[in-house]
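Hi there,

I am passing this structure on to you, with some notes to read beside it. Please have a look when you have a moment.

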Amino acid sequence: MNNGKRVEKLVRLIQETLKDVPGTEIFSNYRIENTSGRKREIDILLKSTINSLDIIIAIECKDFAKPIPVEKIEAFNSKC
């Protein structure tokens, strides 16, 4: 298993701590439709309601030895 998958599992375990919050759902490898209608996979997706506001948090887990390049961040943004 590569380090990216290990990080993904660790983040998933951390997110599991929120699972008992009413109205919270946590998904791994979730396919979401972006604004252009394409289905894209998100490593971890958290949906919840806080103070009557619906929130969605998308998390991508990558294994980079150096700072993440701008184009990778822009690609994640377009995925969302």
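To start with a question: is Ser52 buried or exposed? Ser52 is exposed, at a relative accessible area of 72% (buried is under 20%, exposed over 50%, and partly exposed in between, with a 1.4 Å probe and protein chains only).

Before the rest, a word on where the values come from. The model is predicted, and local features need pLDDT of at least 70, side-chain atom pairs count only at pLDDT 80 or more, and totals for chains, interfaces and linings use all residues. Residues are numbered from 1 along each chain as its sequence is written, and side-chain values use heavy atoms, with hydrogens and water left out.

**The sheet**

An open sheet is formed by 3 strands in the order E1-E2-E3, with antiparallel pairing. Strands (E, at least two residues) and helices (H or I, at least four) are DSSP runs numbered from the N terminus, and two strands pair if DSSP finds at least two bridges between them. E1 (25–33) and E3 (53–59) are the edge strands, each with a single partner, so one side of each has no neighbour in the sheet. On average, neighbouring strands are turned by 40 degrees against each other, direction ignored (the axes are lines fitted to C-alpha atoms; angles between N-to-C directions run from 0 to 180 degrees).

E1 and E2 are joined in the antiparallel sense over 8 bridges, and here Phe27 stands opposite Leu45 in E2. Between E2 (residues 39–50) and E3 there are 7 bridges, again antiparallel. Thr49 has Asp54 in E3 as its bridge partner, while Lys47 has Ile56 in E3.

**Backbone points**

Most residues other than glycine have a negative phi. In the hairpin of E1 and E2, with 5 residues between the strands, Gly37 has a positive phi near 90 degrees.

Asn29 is another non-glycine residue with a positive phi, near 50 degrees. Asn29 lies in strand E1 and is partly exposed, with a relative accessible area of 35%.

**An aromatic pair**

The count of aromatic pairs comes to 1 (rings of Phe, Tyr and Trp, the last by its six-membered ring, pair if their centres lie within 6.5 Å; planes under 30 degrees apart are stacked, over 60 edge-to-face, and the rest tilted). The rings are those of Phe27 and Tyr30, with centres 4.7 Å apart and planes at 40 degrees, so the pair is tilted. Phe27 is partly exposed at 24% relative accessibility, and Tyr30 is partly exposed at 22%.

**The largest pocket**

The largest pocket holds about 220 Å³ of space. A pocket here is an open set of points on a 1 Å grid over the protein atoms alone, where a 1.4 Å probe fits, with protein on both sides within 12 Å along at least five of seven lines; lining residues have an atom within 4 Å of a point. Among the lining residues are Arg40, Glu60, Phe64 and Ile68. Helix H2 (residues 70–79) gives the largest share of the lining, 5 residues. By class, the lining has 5 nonpolar, no polar and 5 charged residues.

Best wishes

Note on methods. Grid points are joined across faces, edges and corners, and a volume is the space filled by probe spheres set on the points. Ala, Val, Leu, Ile, Met, Phe, Trp, Tyr, Cys and Pro count as nonpolar, Asp, Glu, Lys and Arg as charged, and the others, Gly among them, as polar.
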